[in-house]
Structure formats: C-alpha cells, structure tokens
Amino acid sequence: MRAIFAVVKRLLASNKISFILTALVALCATSSGEVVLSNGNYTWLLATLSPFFFVFYDFTKLMHLGASKKAYYMGCLISYGILALCISLANTAVHLLIDPAYSAQRVINLMDVCRWTENGLLLAALQQMVFLLLVMVFLHVLLSMQAHWYGWLTDAVLAAIICIFTPIAPLRRILAGFFRLIMLNGNAAAHIGICLLLSAALSLGGLAVLKRKTL
Amino acid sequence: MIELKQVTKQYGQAAVLKNITLSIDEPGIYCLLGRNDAGKTTLLKSVAGYQNITSGTIQVNGKRISTAALDTGVSYIENFAKHFPLPVQKLLRIASEVNPSYDYDFALEMMDRFELDGKKKFNHLSLGMKTMVSTMICLASSRDVILLDEPVLGFDAIMRVEFYDLLAESFQRHPRTIIVSTHIIEEIAKTIQKLIIIDKGSIRFFDTLQAVETKAFSVSGLQKDVEAATSGLNVIGQDAVGGLVTRYLFDKAPEQTASLEIHPLSLQDFFIQMVGHKGGAAK
C-alpha cells in the first residue's frame, strides 16, 4: 500500500499544470446577461486534463523510478477518486456560496442541468463525483490505447457513433438515452450505480490495456 | 533464477532475438556483450517485461515475464531514462517510496560518493550524471534481478572505475543477479563473474571469465604448421597475412612447438573473434 500511496502523491504533485489551468479558467471566466454560466462548471476541466498527464507524462517516469504497473494503476484510480471528490466539493461549494451572489436572473450550473440537485446537495455532490470518476477512467483508458491500433479503432468508432447517431432521429434517441443514464439522471441511486458499474468495467478494460503497454 | 526458453523477438520480418535459450541460476554480476544492434537492449527489456517476445518463454524466479506481469521483480534501467525534473535527493526519496525494499541509505551513500549535488534538478545534470542517477536508483532497488543497459555511457574514466567498485559493493550488500550490458570490455572484467556474448540475436557465448582465460588462444605461424596444430580444435576465427596465419581458438592449448607462437587472447580479442568481424575483414 505504501508504494500505491507514494504513486498517488507523485501523480497529484506532478499534476500542477492541470491545477493551475483549471484554477485560472475557473477564476477568470466571465459571462454576462440574464443567464450566466457558473464558474464552478470550469472545475470539470481538471477531470479532463489529469488523465493526459497520468498517461503520457507520469507512467514512464514512475516505471523508471521502479514502481510496478500494479502500483501505478491502483495509484491512478485512487487519484481519480480523490480528484473527483475534490472537483465535486469545489463545484458544490461554488453552487452553494458563489452562484447565489450573481446578479443575473439565472445561473447555469451543470449540477442543475444534470438534475442532480433535485436530490439535495449532498447526493448531487456524490452523483457529480461518480460521474467525474467515470469521465476520468474513460479518458485514461482511451488515452492509454492510443499507442495501439485498437486505440485508433476506438476513436474511429466513437466518432462514427456521434456522427451517425446524431442526425438520425431514432438513433439520436438511443444516444440521448445513454447520456440520460450516465449524466442527465435525476435518479440518484440508478445514476450512482450505473456510473460505478461503468467505471469498474472500464477499469478492467484499462487493466487489459496496461498489460499490453510496453516501455 | 532467469530462464529463457527458445525466445524469439521479431519486428515485422526482422528477427532481433533468434531462438535464445539461456539459464542464469546463480546470483552474480554478468556482463552482456554485443555489438550495436546485436539485440542486447531487446533482450534486457524482454527480461524486464517492458516488451513482449514473439515466441518462447521468459521466467524470473518461476514467474512468467511479459508486459502482462504487473510486478516482475526485475529492476531495469536504460541509459536515457526519463525522470521527473526534480532535485536528485527528492528523486531518490520518491524511488524509495514507490519501491518496496529499497535501500535508501545506499542510494544516499552513492550520491555522496559521486559528489552529486542532491539539490540539483535531474534535468540540469550532464548526460553522465543523469546516467549515474538512473543507475543509482536501479542499484539501490533490492530486487532479485537488476538489469543495467549501457550504464557507463557518458562516464569519464574515473566515474567508470567508481561505478565498477559500486557494482561490486552493491552485489556484496545484496547478492542477486545483476546483468550489465556494455561495449567497454576490459574495464568491467575485474568486476564480473560470467560473460554473455550476443551477436545478431543469438547467444554466442555464456561462460565464466576463467574459461576465456584458460581456453582462448591465438596460434600464429606458417599456414601448414598452424593448421596441423589446430586441427580438431574449436577455431573461432582466422587471420592471414602473406604466408603467416593466425588462428583463434576456444579450446585446450595446442602443443607448443618452435614454429608456433601461442598467446592467450585478451577479452576484447576474444569478443572480436566470437562476433566474427574485425575491420571489415571476413571471418
């Protein structure tokens, strides 16, 4: 466990650029008018940036320091959990404390858009956390695959799904249904369960990818 | 401890490792010698589980090694290893944290011995010092198998001598299997127990240095005398200048006669003859 927590510490410490970029965007973003975007939304940027650093920057260096693949992967998953919790807490705090201070009539926070706040802020924060965890694990797996042919194939399949499913109405409904399940879901128990299940399935997929990863 | 059975590695049609079978049973310092592109790095990376082989099996302490092994028990370092741009001391500490059973005291001791400024960032070090830090990280790991790929690249003569002492000291502290790949043959001879020569993806030689000292000879003289003296012996190479012939043997020494000059082969000459190329001359 010591090795895993050391990896977590290093992953988070070497993720400074993601933290700084997210903080800059969240603090400096402005919008005006009657309907404005909450600055808390931009905290999600951290969830999309971190996997890039973990996969492309940290892996080789940690291996050269003598970490095992097992410690690296467990460290990544724990770090994603910690980041998801922190991002969720930050956005919830913004939603609770800063959003009401806007002079605009309507402040759009993604927690509202996704209907998570219907269940109270505590559950909403939890829903947000598991969703962000899913996003980070998904990105980690997708990025890890990029060195292999099946990574490119997955990219092509994902692009094809979006391009084909979006313009055709019946297919669009399927796509929308999927996003309603994993994101725009007001049913907290179902949403948390689905996100955790998908995260677990993707983590197993990520493990298979890691087992093929060369150095 | 390390067992390779019919290991082949191909990149497309090109075979980099060709049907290698090798068993390293005893702890010791082993030297892996080979020319450029002989397959040294591929072999070491395969044993470390950093890349997959095309066919065959590799086992370390009974555990099958491939990229799928999440913890191989092998520590490998290449000469241009990338590290976090952090102070050396911090790097060593992180290595001790991510590595169970890491000898942090030994790493610090090495840092002092090589007069490395612990506060200097890794990316600000010279090539030789970077290699030294990577080697220190690898050697301080108390894993059963240590693989050092060209560790003396970029070292000056004094650093190389220090490194060989360090290697011996590390082995005394934690007896285990250490394989060092290098081009600089003679210098490492005092430190190693066994020699592995790889050429064009095949193992050409795996034995003790003592075997080289007692069995490797050059026999020079007139062609007919040399041929008569070396007939039936294991000839590994031959040079001819005018009517004079020199044959290189790896066998018992032929009987000394007045017409023959017999000399033991240096390690470097032995290596050159084993891999069969010298200054473009045909073997």
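Q: How many Å does α9(A) reach from its first C-alpha to its last?
A: This is a predicted model. In it, α9(A) has 25 residues. At 1.5 Å a residue, the expected span is 36 Å. The reach in the model is close to that, at 36 Å.

Q: Is α6(A) roughly parallel or roughly antiparallel to α9(A)?
A: Helix α6 spans residues 121–144 of chain A, and helix α9 spans residues 188–212. Their axes are 9 Å apart and the packing angle is about 20°. Angles under 35 degrees count as roughly parallel. Therefore α6(A) and α9(A) are roughly parallel.

Q: How many charged residues are in the contact of α6(A) with α9(A)?
A: α6(A) passes α9(A) in a left-handed crossing. The residues of this contact include 17 nonpolar and eight polar ones.

Q: Which element gives the largest share of the side of chain A that touches chain B?
A: The contact joins 22 residues of chain A to 21 residues of chain B. On the side of chain A, the elements giving two or more residues are α1 (2–13), α3, α4 (69–98) and α9. The largest share is five residues, and it comes from α1(A).

Q: How many polar residues has the side of chain A that touches chain B?
A: Sort this side by class. Nonpolar residues number eight, and charged residues number eight. The polar residues number six.

Q: Is α4(B) largely enclosed by the rest of the structure, or largely open?
A: α4(B) has 14 residues and reaches 20 Å, close to the expected 20 Å. Among its buried residues are Met129(B), Lys130(B) and Ala140(B). In total, 12 of the 14 residues are buried, so α4(B) is largely enclosed.

Q: Which element of chain A is included in what covers the buried residues of α4(B)?
A: Chain B supplies part of the cover: β6 (74–77), α2 (88–98), α3, β7 (145–149) and α5 (157–173). Chain A is also represented. Its element in this list is α3 (45–64).

Q: How many Å apart in space are His124(B) and Pro85(B), C-alpha to C-alpha?
A: In sequence, the two are 39 residues apart. In space, their C-alpha separation is 8.3 Å.

Q: What is phi of Arg115(A) near?
A: Arg115(A) lies in the loop between α5 (110–113) and α6 of chain A. With 18 other C-beta atoms within 10 Å, Arg115(A) is partly exposed. Its phi is positive, in a residue other than glycine, and near 65°.

Q: Where is Asn19(B) found?
A: Asn19(B) is not a glycine, yet its phi is positive, about 50°. Asn19(B) has 15 C-beta neighbours inside 10 Å, so it counts as partly exposed. Asn19(B) is part of chain B, in strand β2 (residues 14–24).

Definitions and conventions:
Residues are numbered from 1 along each chain as its sequence is written. Chains are lettered from A and ligands numbered from 1 in the order in which they are written. This is a predicted model: local features need pLDDT of at least 70, side-chain atom pairs count only at pLDDT 80 or more; totals for chains, interfaces and linings use all residues. Axes are lines fitted to C-alpha atoms, for helices over the stretch in contact, and angles run from 0 to 180 degrees between N-to-C directions. Helices (H or I, at least four residues) and strands (E, at least two) are DSSP runs, numbered from the N terminus. Angles under 35 degrees count as roughly parallel, over 145 as roughly antiparallel, 65 to 115 as roughly perpendicular and the rest as oblique. A crossing is left-handed if the near helix is turned anticlockwise from the far one by less than a right angle, and right-handed if clockwise. Ala, Val, Leu, Ile, Met, Phe, Trp, Tyr, Cys and Pro count as nonpolar, Asp, Glu, Lys and Arg as charged, and the others, Gly among them, as polar. The expected span of a helix is 1.5 Å times one less than its number of residues. A residue is buried if 20 or more other C-beta atoms lie within 10 Å of its own, exposed if 12 or fewer, and partly exposed in between; C-beta atoms are placed from the backbone. Two residues are in contact if their C-beta atoms, placed from the backbone, lie within 7 Å.
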